[in-house]
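Please keep the sequence and the structure in view while reading.

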Amino acid sequence: MAHDRRMSLEEGLGLRIPLAAPGVSERHLWQLSPIEEDRVVKKQKKEHRVVKKQKEDRVVKKLEEEDDNDVNQEQRKSPWLELPPLPFATWRRLTEKEWKDYNKCLEKSEGFDVGDVPDNILGIPVTPLSLDDPETMKDLQMYSIFALKKCTKPEKKKYQFVKVLKANVSLRRGFLYYITFQAEDIAGSGSRPLNFRAIVHSLQGRNTVEFCEPEL
């Protein structure tokens, strides 16, 4: 009788006696009181948010690692990053006067000219490229032809690539090439070749022309 009275009292208060220890699955919720159901649902939602956040963090971390690997692989395979065969003791940084001359040329040319920079200089944002290296020259010619096809000035004229005149490069999630090259009018009007300037961004074989116009 005492047991029956306890059951009746608990049922009268709106409590449901679980037949087994309740879990958090829906099949057990009917065994819980409204207050307990609300507590379990809130707990499930909180755990779901935590798990979702952990998954999102893992995805973001993986994407960041892939981006870093893309940049590192691009840097490792680029020939211009290989230091010339100079003794370590000969490498140096620009002097104060050299920095002033360097920055003056850099700002005036917007990256296309950095002046006469010795081969043994480290730590500059835009580095001149040697046109004597066949692999480097091959890449620069490819970038120049690619940029020329995207060029819309001068209008109503078509140009074909002639040669690379000079080039600089900087790091920017890949490589940013500042190329000065010559091209001539396909129509063969007898005019002299025209100098062009192009900025080409390269990352993992994906090339984008950011700028290409005749040199003023």
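Q: Which residue stands opposite F161 in β3?
A: In this predicted model, F161 has A183 of β3 standing opposite.

Q: How do you know that β2 and β3 pair?
A: Strands pair if DSSP finds at least two bridges between them, and β2 (residues 159-171) is joined to β3 (residues 175-185) by 11 bridges in the antiparallel sense, so the two strands meet that condition. In the hairpin of these strands, three residues lie between them, and R173 takes a positive phi near 45 degrees.

Q: What makes β1 and β2 a pair of strands?
A: Two bridges join β1 (residues 127-128) to β2, and the strands run antiparallel; because at least two bridges are required, this pair qualifies too. As for P128, the bridge partner in β2 is N168.

Q: Why is C151 called buried?
A: The relative accessible area of C151 is 16%, and buried means under 20%, therefore the word applies to C151.

Q: Why is C105 called partly exposed?
A: C105 has a relative accessible area of 27%, which lies between the limits of 20% and 50%, so C105 is called partly exposed.

How values were computed: Residues numbered from 1 in each chain as written. Predicted model: local features only at pLDDT ≥ 70, side-chain atom pairs only at ≥ 80, totals over all residues. Heavy atoms only, no water. Buried < 20%, exposed > 50% of the residue type's maximum accessible area, 1.4 Å probe, protein only. Helix = DSSP H or I, 4+ residues; strand = E, 2+ residues; numbered from the N terminus.
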